[in-house]
Amino acid sequence: MSEAKNGDSNPCLQEQRLSFKCLQDSFGDKSQCEPQIENYNDCKTFWYNIYKERKTNKIRPYMPSLEERIKIKKEYMSGH
C-alpha cells in the first residue's frame with residue numbers, strides 16, 4: 001500500500017478521501033468543496049508542524065504512530 005493511502009503513515013487520510021470524493025462528485029468544482037479542502041489543508045499543516053517539532057527535538061519517529069496521533073489529537077482538541 002502506498003504511503004499516501006496508508007492511514008498509519010498518512011494522518012490526514014480521511015480528510016484527503018473526503019476532499020477527493022467531493023471533487024469527484026462535483027466534477028472538479030473546487031468552490032463546492034471548500035470546507036473539505038480547507039479541513040484537509042488544516043490537517044496537513046497541523047501534522048507537518050508536529051513533524052517539524054519532533055524532528056527539531058530529535059524525537060523519532062518524526063511522524064507519530066497512529067496510536068500517538070490519537071492521543072495528540074485528543075489533547076489538542078481538549079485545549080481548544
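Q: What should be kept in mind about numbering and confidence?
A: Residues are numbered from 1 along each chain as its sequence is written, and side-chain values use heavy atoms, with hydrogens and water left out. The model is predicted, so local features need pLDDT of at least 70 and side-chain atom pairs count only at pLDDT 80 or more, while totals for chains, interfaces and linings use all residues.

Q: How are two packed helices described?
A: The description uses the angle between their axes and the distance between the axes. Helices are DSSP runs (H or I, at least four residues), numbered from the N terminus. Axes are lines fitted to C-alpha atoms over the stretch in contact, with angles from 0 to 180 degrees between N-to-C directions. Here the axes of α2 (residues 34-56) and α3 (residues 66-78) come within 12 Å and cross at roughly 110°. The two helices are therefore roughly perpendicular (65 to 115 degrees).

Q: Which residues of α2 and α3 meet?
A: Contact means heavy atoms within 4.5 Å. F46, W47, I50 and R54 in α2 meet E68, R69, I72, K73 and Y76 in α3. By class, this contact has five nonpolar, no polar and four charged residues. Ala, Val, Leu, Ile, Met, Phe, Trp, Tyr, Cys and Pro count as nonpolar, Asp, Glu, Lys and Arg as charged, and the others, Gly among them, as polar.

Q: Which residues make up the largest nonpolar core?
A: In soluble globular proteins, nonpolar side chains tend to be buried together. A nonpolar core is a set of buried Ala, Val, Leu, Ile, Met, Phe, Trp, Tyr and Cys residues joined through side-chain atoms within 4.5 Å. The largest one here has five residues: C12, Y40, C43, W47 and I50. Leaving out residues up to four places away in sequence, C12 touches Y40, C43, K44 and W47.

Q: Is C43 buried or exposed?
A: Buried means under 20% relative accessible area, exposed over 50%, and partly exposed in between (1.4 Å probe, protein chains only). C43, in helix α2, has a relative accessible area of 9% and is buried. Beyond its neighbours within four places in sequence, C43 is in contact with P11, C12 and E15.

Q: Where is F27, and what is its phi?
A: F27 lies in the loop between α1 (13-25) and α2. Its phi is near 55°, a positive value in a residue other than glycine. At 79% relative accessibility, F27 counts as exposed.

Q: What is the peptide bond from R60 to P61?
A: That bond is cis, with omega near -5°. P61 is found in the loop between α2 and α3.

How values were computed:
Angles under 35 degrees count as roughly parallel, over 145 as roughly antiparallel, 65 to 115 as roughly perpendicular and the rest as oblique.
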